[in-house]
Amino acid sequence: MKLTDKAKTAITEAVVKQGLGYLEKDPETNIPKLMALVDKYTPKDWYAGQRNAIRNAIQDKDNNWYQLIMRLYQLDPGVRKTFFENFIINASLNGGKLQEENAKENNCNSPWAILLDPTSACNLHCTGCWAAEYGHQLNLTLEEIDSIIRQGKEIGVYMYIYTGGEPTVRKKDIIKLCEMHPDCEFLAFTNGTLFDEEFCDEILRVKNFVPAFSLEGSEEANDGRRGQGIYQKVMHSMKLLKDRGLPFGISTCYTSANVDSVSSEEYFDKLVDCGAMFAWFFHYMPVGNDASADLLPTPEQRKKMYSSIRCHPSD
C-alpha cells in the first residue's frame with residue numbers, strides 16, 4: 001500500500017519525537033541512534049547538508065559543534081523540548097512541507113522565517129543606529145502581529161524574529177504572542193536593558209522566546225557606542241537567563257572602533273562563559289543624515305572579521 005504524503009509526514013514526526021525522547025535519557029549515547037532513525041525515515045534530501053554536518057560533528061567529541069549540542073542539555077528540559085518540537089517538527093518538517101506545496105502552487109518561494117518590527121520605540125540612543133531615524137511612534141498592534149503570524153503559519157512559517165526599535169518595550173505583548181502561538185519559536189534582537197526577574201520568569205513559563213543580546217566587545221568598546229553602564233546591564237540579563245536554563249544568543253555590530261575587540265579570543269570565550277548559544281555578526285552601516293561614517297569598517301577590517309568568524313582555528 002502506498003502511503004500518502006500526510007501519512008509519511010505523520011510517521012516522520014512520530015519518529016523524530018521518539019528520537020528526541022531517546023536523547024533526553026542519554027544524549028551522548030543516543031545522538032547517533034537518532035541520526036540513524038532520521039536517515040531511515042526521512043526523505044534522502046531533507047536538510048541533507050545540515051544532517052551531514054551534525055553527523056560529522058558527533059563523531060568527534062572535541063568538536064565545537066558537538067560541545068554546543070551537549071550544552072543544549074544544560075537548558076531547562078521543558079524549554080529544550082519546546083524548542084526541538086517548534087524548530088525541528090513545526091518549522092522544518094511540517095513548515096517545510098507547506099512551503100514546498102506553496103512554491104509549487106504559486107510559483108514562488110515561502111520564507112522560512114518572518115522578521116518584523118513590533119515598535120520603533122527604544123530606550124537607548126546608540127551612535128549610528130538607524131532605529132532613531134523612525135521616531136518612537138510607529139507600532140504594530142497586538143492584533144496586527146497576531147494576524148501576521150496566523151497568515152505566516154498558513155504558508156508554513158513557524159519562526160518569527162523581532163527587531164526594532166527595542167522589542168522588549170512591548171514585553172507584555174511578546175509574552176502574550178508566545179502564549180497565543182505555542183507552536184512557533186520567537187527570537188528578538190534586544191539591547192538587553194529591560195530584562196528583570198519577572199520577565200525572565202515569564203520567558204521560562206512560555207518556553208518559546210529566545211533573545212539575542214546586543215553586545216559589542218569589551219565593556220569599554222561596548223559602552224563607547226551604546227552608553228555608559230549598558231555592558232553591565234547585558235551581563236546581568238544574561239545571568240538571569242542562564243540561571244533559569246534559558247537559551248539566548250548575542251548580536252554584534254562590528255565597527256571600525258571595535259573590530260579588534262569583537263574578533264578577539266577573549267570576546268568569543270566571554271560569550272561562551274556567559275552561556276550564549278549562538279552569535280550574529282552585523283556590519284555597521286551609516287544610515288541617516290547625521291550618521292557616523294567614521295564607524296564604517298575598512299576593507300581590511302571586514303576581512304579580519306571574516307577570518308575570525310569563518311576561519312576560526314578552533315572550529
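Reply: Glycine 165 sits in the loop between β2 (159–162) and α7 (171–180). This is a predicted model, and in it the peptide bond leading from glycine 164 to glycine 165 is cis, with omega near 10 degrees. Most peptide bonds are trans, and most residues other than glycine have a negative phi.

Two residues depart from that second pattern. Asparagine 107 is not a glycine, yet its phi is positive, at about 55 degrees. Asparagine 107 belongs to the loop between α5 (77–106) and β1 (113–116). With a relative accessible area of 73%, asparagine 107 counts as exposed because the cut-off for that word is over 50%. Lysine 207, also a residue other than glycine, has a positive phi near 75 degrees. Lysine 207 lies in the loop between α8 (197–206) and β4 (209–214). Its relative accessible area is 26%, so lysine 207 is partly exposed.

Helix α9 (residues 219–226) contains arginine 226. Arginine 226 has a relative accessible area of 9%, which means that it is buried. The side chain of arginine 226 makes a polar contact of 3.2 Å with the side chain of glutamate 216.

Helix α12 (residues 265–274) contains aspartate 273. Aspartate 273 is exposed, with a relative accessible area of 54%. Together with Glu265, Glu266 and Asp269, Asp273 forms a negative surface patch.

Conventions: Residues numbered from 1 in each chain as written. Predicted model: local features only at pLDDT ≥ 70, side-chain atom pairs only at ≥ 80, totals over all residues. Heavy atoms only, no water. Patch = residues over 30% accessible without salt bridge, like charges linked within 9 Å, V, L, I, M, F, W, Y side chains within 5 Å. Areas by Shrake-Rupley, 256 points an atom, 1.4 Å probe, with all protein chains shown as cover. Salt bridge = Lys/Arg side-chain N within 4 Å of Asp/Glu carboxyl O. Lys, Arg positive; Asp, Glu negative; His and termini not counted. Charge placed at Lys NZ, Arg CZ, Asp CG, Glu CD. Helix = DSSP H or I, 4+ residues; strand = E, 2+ residues; numbered from the N terminus. Buried < 20%, exposed > 50% of the residue type's maximum accessible area, 1.4 Å probe, protein only. Polar contact = N/O pair within 3.5 Å; in protein donor to acceptor, adjacent residues only side chain to side chain.
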